[in-house]
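Reader: I have a model open and would like to learn how to read it. Where do we begin?

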Amino acid sequence: MSDAKQREFDLDAVRTDGWFERIGEGIGSFQALCEIIGERFFAFSIIVGARITALTVDRRNPDLSLVDFVVGLGEAEDGLEPQRLTLADFRRRLVGALLVEDDKPAPEPTRETEIEVIQLYIGVRYLLLAPLYGYSLRNLQIDDDGAQLVVLHDGVEETHDLDAFRFRIRALVREELERVASGSRSAIDLSKVTEAEAAALRKEWTKVVQLLGSWPAPLAIFLRTPEGQLLTPDARALIAKGLGLLGSACVHLGEVEQAEEVFRIGIQYAQEGVAAADLFRRLGEALLQNDRPGEAIGPLRRALAFGGAPADVMPPLARSFLRRRKWVAAYACLRDALEAGVSERELADELRQVEGALGVALTGWKAKLVESKVGS
């Protein structure tokens with residue numbers, strides 16, 4: 001075949017590897033948007049020109065979170081009409097826009113310097129979508145039989161017919177939507193607990209909510225069904241653990257009332273034992289953080305009754321008594337915490353408050369305690 005019938009174009013000038021990550025470096029809320037919307041869906045929004053202006057997150061059902069956005073290159077006040085969709089509908093809108101095929105054929109490039117012509121011939125959306133799925137475009141070959149792309153896919157060289165490559169990319173985009181839709185249908189996926197626990201250790205509270213935020217509503221109903229009543233103890237404990245992680249994430253994100261509701265549902269699943277103790281402790285700490293120390297005392301005592309570790313429960317219980325000005329009870333809890341191995345430095349502020357409030361009475365009691373030990 002002669003050179004006139006076969007042309008090759010190096011794609012270094014049009015390759016877009018890493019474009020999404022580079023954009024992320026200039027967006028302060030990049031990580032949060034990726035976690036809430038989904039990393040690839042956020043990339044899709046940039047590709048189709050949908051600029052997100054606001055998010056109203058529904059932590060109980062993330063799919064019902066509201067996305068405010070405008071479509072175009074200017075500002076909303078420049079005449080672009082703002083739109084609002086639920087997150088599920090927003091994702092469907094993005095995928096629908098990406099799957100629309102361009103009816104107008106692009107002219108074939110004739111020289112490597114025709115960068116814009118090459119971009120339009122391959123398709124700008126495909127140039128941007130390919131790196132999201134591990135494809136790095138290297139070479140374009142055009143002959144009488146059509147066009148072929150030479151790509152690296154996760155480091156392995158592959159050759160694809162251009163139309164077939166576009167079809168493959170569209171299929172991957174479609175699968176992205178099917179995957180998240182399937183995840184919504186099976187909201188109670190117990191395998192997510194391990195992932196949520198890892199996220200909690202990294203203090204990625206938004207990620208924990210993303211993984212488990214859809215649990216409370218169906219679980220509150222499920223427990224009253226015959227299937228819910230037949231759950232094994234292990235399944236109950238795992239559900240309780242997941243709800244404990246979710247509740248704590250809500251506390252850290254400032255949604256204490258939501259956290260209380262989550263903890264109370266979790267306690268119904270835990271019933272008793274260490275799982276219940278952990279949830280009662282978390283509930284007590286949430287109430288304390290919400291300036292309700294009197295209400296926190298009961299759950300924290302229940303945590304101890306169900307076998308909670310004194311080193312974990314006694315400090316927040318002592319702080320609850322302190323806030324209620326129950327000095328003797330607070331001091332007793334602080335002593336138990338110290339005996340359980342909590343460092344005196346960690347409790348220094350609380351000890352100073354108690355000693356200042358009890359004053360001479362505490363000093364006298366300590367002296368008598370020393371005398372009794374010496375006498376014995």
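**Reading the sheets and helices**

Author: With an open sheet of four strands, in the order β1-β5-β6-β7 and with antiparallel pairing. Keep in mind that this is a predicted model.

Reader: Which strands stand at the edges of this sheet?

Author: β1 (7-10) and β7 (156-161). Each has a single partner strand, so one side of each is left without a neighbour in the sheet. On average, neighbouring strands here are turned by 20° against each other, direction ignored.

Reader: How many bridges join β1 to β5?

Author: Four, and the two strands run antiparallel; β5 covers residues 135-143.

Reader: Which helix lies across β1, β5 and β6?

Author: Helix α5, residues 115-122. It runs at about 95° to β5, and β6 spans 146-153.

Reader: What is the order of strands in the open sheet of three?

Author: The order is β2-β3-β4, again with antiparallel pairing. At the edges stand β2 (50-56) and β4 (83-86); each has a single partner strand, so one side of each lacks a neighbour in the sheet.

Reader: Which residue in β4 is the bridge partner of Asp68?

Author: Arg84. In total, four bridges join strand β3 (residues 66-71) to β4, and these strands run antiparallel.

Reader: Now the helices. How is a packed pair described?

Author: Two packed helices are described by the angle between their axes and the distance between the axes. Take helix α8 (residues 192-201) and helix α12 (residues 233-252): their axes come within 10 Å and cross at roughly 30°. The crossing is left-handed.

Reader: Which residues of α8 and α12 meet?

Author: From α8, Val193, Ala196, Glu197 and Ala200; from α12, Leu238, Lys241, Gly242 and Leu245. The residues of this contact divide into five nonpolar, one polar and two charged.

Reader: What does Arg91 touch?

Author: Leaving aside residues up to four places away in sequence, Arg91 touches Ile36, Ile37, Gly38, Phe41, Asp63, Leu177 and Val180.

How values were computed. Residues are numbered from 1 along each chain as its sequence is written. This is a predicted model: local features need pLDDT of at least 70, side-chain atom pairs count only at pLDDT 80 or more; totals for chains, interfaces and linings use all residues. Side-chain values use heavy atoms; hydrogens and water are left out. Two strands pair if DSSP finds at least two bridges between them. Axes are lines fitted to C-alpha atoms, for helices over the stretch in contact, and angles run from 0 to 180 degrees between N-to-C directions. Contact means heavy atoms within 4.5 Å. A crossing is left-handed if the near helix is turned anticlockwise from the far one by less than a right angle, and right-handed if clockwise. Ala, Val, Leu, Ile, Met, Phe, Trp, Tyr, Cys and Pro count as nonpolar, Asp, Glu, Lys and Arg as charged, and the others, Gly among them, as polar.
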